[in-house]
Amino acid sequence: MKAITVAESGLGVEAMTWTDIDYPHAAENDVIVGVHAAGFTRGELTWPGTWIDRAGHDRAPSVPGHELAGVVVELGYGTTGLTVGQRVFGLTDWTRNGSLAEYAAVEARNLAPLPAGVDFVTAAALPISGLTAWQGLFDHGHLETGQSVLIHGAAGGVGSTAVQIARDAGARVVGTGRAGDRESVLELGADEFVDLQSDRLEERDQVDVVFDVIGGEVFERSLDVLRPGGRIVTIAGPPPRQPEDGQAIFFVVEPDRSRLADLAHRLQLGRIRPIVGSVRPLAESAAAFASGVRVRGRTIISVAESD
């Protein structure tokens, strides 16, 4: 089968190859998914899991990409909850071959059924951004109806989803980004927009939760807008310090089938919509990773003919 592989750490996209690899093996509780669309994160070529397996052994060359949408074509021994021919979407394991391939072996618990009417490309843009947004806002941020949340990077993949989910939950949403993001962030449902390059974040009203996808200076500036007892939740890295009266939390997204199913239902109802900026064929994955042009929305890889 055809796939994108990366052969050596440290070389970036120069190590990516469009090649033939063996069809994957369905281990116990796995399914094999015929991939129709796949998502990736540009930074994943530096992640340890791209290069080593769960036991710490080298696994290069490996297949990148950790989001997919497609059709179940094979069940591993003991697999329950899914059937051959079923449309699914979800996450691949961080330490196994990923989604930039015609077929991928995935733990069944990391996948959820894909409702009718939701196309594969849109679904492939949702797993990481949707789960990260939900877990950051509610599991770690404990955001409640009527509270306020400041969402950094509100026009990006995670941030734009977080804006929609927070708004749907009845929170007051302040989104941040660059000046050119203002209109799109407000259209997503934010009540207010802050241009981090020209507006003084520190002069804004305090909020109950800060959701940070940037870190560094932005994290430091956010401390001044956090209410006493509030929480800063970040995915950028371990917080350099804690607020004087509050809590800073770093987390890494985790698979969650039931939450994926809930997000898919919201997507079907039109309550959330991931922003897809461009779609490229599998053979052009390296160019998609390498692109330095800032575009609104996610770049999704089309692997097979969509529905």
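In what follows, a residue is called buried when its relative accessible area is under 20%, exposed when that area is over 50%, and partly exposed in between, with a 1.4 Å probe and protein chains only as cover. The model is predicted, and for that reason local features need a pLDDT of at least 70 and side-chain atom pairs count only at pLDDT 80 or more, whereas totals for chains, interfaces and linings use all residues. Residues are numbered from 1 along each chain as its sequence is written, and side-chain values use heavy atoms, with hydrogens and water left out.

In soluble globular proteins, nonpolar side chains tend to be buried together. A nonpolar core is taken here as a set of buried Ala, Val, Leu, Ile, Met, Phe, Trp, Tyr and Cys residues joined through side-chain atoms within 4.5 Å. The largest such core holds 49 residues, and those with the most contacts inside it are Phe-89, Leu-137, Val-149 and Ile-151. At least two residues of this core come from each of β4 (67-75), β5 (87-91), α1 (120-124), α2 (127-140), β8 (148-151), α3 (157-168), β11 (207-212) and α6 (257-269); helices (H or I, at least four residues) and strands (E, at least two) are DSSP runs, numbered from the N terminus. The element that gives the most to this core is α2, with 6 residues. A second, separate core has 27 residues, among them Leu-68, Val-88, Ala-101 and Phe-289.

Helix α2 itself is mostly covered, since 12 of its 14 residues are buried, and the buried ones include Trp-134, Leu-137 and Phe-138. Just after α2, His-142 takes a positive phi of about 55°. Around Val-149, if residues up to four places away in sequence are not counted, the contacts (heavy atoms within 4.5 Å) are with Leu-137, Leu-143, Ala-166, Ala-171, Arg-172, Val-173, Val-174, Val-207 and Val-209.

Is the acidic residue Asp-93 buried or exposed? Asp-93 is buried, because its relative accessible area is 14%, and it is found in the loop between β5 and β6 (103-107). The side chain of Asp-93 reaches the backbone nitrogen of Thr-95 at 2.8 Å, a polar contact being a pair of N or O atoms within 3.5 Å in which, within protein, one must be able to donate a hydrogen and the other to accept it, and residues adjacent in sequence count only if both atoms are side-chain atoms. Leaving out residues up to four places away in sequence, Asp-93 also touches Arg-54, His-66 and Glu-107.

In strand β13 (residues 246-250) lies Gly-246, which counts as partly exposed because its relative accessible area is 30%. Apart from neighbours within four places in sequence, Gly-246 is in contact with Gly-229 and Gly-230.

The charged pairs come next. Side chains of opposite charge can pair when their charged atoms come close. With a salt bridge defined as a side-chain nitrogen of Lys or Arg within 4 Å of a carboxyl oxygen of Asp or Glu, a search of the whole structure finds 20 of them. In one of these, Arg-182 pairs with Asp-199, the closest N and O atoms being 3.7 Å apart. Arg-182 lies in helix α4 (residues 182-187) and Asp-199 in the loop between β10 (192-195) and β11, so the pair ties together parts that are 17 residues apart in sequence.

Arg-204 forms a salt bridge with Glu-192, with the closest N and O atoms 2.7 Å apart. This pair links distant parts of the chain, with Arg-204 in the loop between β10 and β11 and Glu-192 in strand β10, 12 residues apart. Arg-204 is partly exposed at a relative accessible area of 28%, and Glu-192 is partly exposed at 23%.

Glu-202 forms a salt bridge with Arg-221, the closest N and O atoms being 3.3 Å apart. Glu-202 sits in the loop between β10 and β11 and Arg-221 in helix α5 (residues 217-222), 19 residues apart. Glu-202 counts as partly exposed because its relative accessible area is 25%, whereas Arg-221, at 14%, counts as buried. Finally, salt bridges that share partners join Asp-168, Arg-259, Asp-262, Arg-266 and Arg-271 into one network.
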